[in-house]
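Visitor: I am new to this structure. Please take me through one part of it closely, and show me how that part sits in the whole.

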Amino acid sequence: MLSSSKPTLGVISAEPEPIMLDWPATALLIIDMQRDFMEPGGFGETLGNDVSQLARAVKPISAVLKAARDTGMLVIHTREGHLPDLSDAPPAKVERGAPSLRIGDPGPMGRILIRGEAGHDIIPELYPLDSEIVIDKPGKGAFYATELADVLEKYGIENLLVCGVTTEVCVNTTVREANDRGYRCVVMSDGCASYFPEFHEMGLKMIKAQGGIFGWVADSAAVLEAMKVSTT
Ligand code: C5J
């Protein structure tokens with residue numbers, strides 16, 4: 001956790017309004033920065049998506065991840081994926097649409113969206129340290145059928161800095177789940193990405209509309225500035 005000699009409060013210049021966070025009660029939550037979504041040959045591409053659209057989120061996340069590691073902030077990574085026997089994959093998810101490969105089929109990075117396969121792993125640029133928490137989730141939301149709620153309670157977390165992919169799917173679902181559970185979520189605009197730029201934009205607008213109905217939105221520069229300049 002953050003060293004007690006450091007200031008504990010920081011104000012992020014966010015929309016719809018600035019938000020003050022207590023850093024020791026804040027975690028960085030990085031959603032699904034997996035090869036299956038980010039690289040050719042993975043789940044995202046089998047659905048017909050242009051995976052290059054997601055690359056823009058890597059640098060901003062990397063910068064905030066470094067700052068989080070430097071300050072001792074709790075870092076949590078999530079991975080979407082299923083058990084090898086697909087017992088946690090609803091048929092309605094597996095059978096949906098007409099992808100070039102379905103969940104569980106063999107692909108160039110191993111079986112699509114299956115835990116333990118190369119494609120399921122997090123991209124090297126953001127690879128978790130051994131000390132960081134990795135939550136494996138079968139759904140889009142990071143709270144559904146996972147230990148995330150227990151982890152956040154154990155560490156006294158009240159606020160989440162959320163980033164990752166994709167903005168309108170797993171990021172939005174997780175933020176909505178977190179908001180209903182009482183967490184303040186600040187979503188990093190340039191640390192999220194979508195295969196559809198218009199969905200990225202609308203996904204962020206939905207979060208911050210109506211006085212921040214699901215949370216706050218700030219770019220990585222604002223988050224980094226707040227982590228640097230804090231008040232006691
Ligand atoms: C999707 C995700 N897009 N991580 N998953 O299926 O957003």
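Guide: Helices (H or I, at least four residues) and strands (E, at least two) are DSSP runs, numbered from the N terminus. By that count, the chain holds 8 helices and 11 strands. The radius of gyration is taken over C-alpha atoms, and the globule rule is 2.2 Å times the number of residues to the power 0.38. The chain's radius of gyration is 17 Å, close to the 17 Å that the rule gives for 232 residues, so the chain is as compact as a globular protein of that length. Its C-alpha trace spans about 55 × 35 × 30 Å along the principal axes.

A word on the source. This is a predicted model, in which local features need pLDDT of at least 70, side-chain atom pairs count only at pLDDT 80 or more, and totals for chains, interfaces and linings use all residues. Residues are numbered from 1 along each chain as its sequence is written, and side-chain values use heavy atoms, with hydrogens and water left out.

The expected span of a helix is 1.5 Å times one less than its number of residues. Still, α7 has a kink of about 30°, centred on Lys-205. The bend at a residue is the angle between axes fitted to the seven residues ending there and the seven starting there.

Which residues of α7 are buried? Buried means under 20% relative accessible area, exposed over 50%, partly exposed in between (1.4 Å probe, protein chains only). His-200, Gly-203, Leu-204, Ile-207 and Gly-212 are the buried ones. They pack against α6 (167-180), β9 (184-193) and β10 (216-218). Contact here means heavy atoms within 4.5 Å.

Step across to the neighbour, α6. Its 14 residues reach 18 Å from first C-alpha to last, close to the expected 20 Å. Among its buried residues are Cys-170, Val-171, Val-175 and Ala-178. The buried residues of α6 pack against β3 (26-31), β4 (74-80), β7 (133-137), β8 (159-165), β9 and α7. Just after α6, Gly-182 takes a positive phi of about 100°.

Back to the whole chain. Buried residues make up 53% of the 232. Among contacts between residues at least 6 apart in sequence, 73% join residues at least 24 apart.
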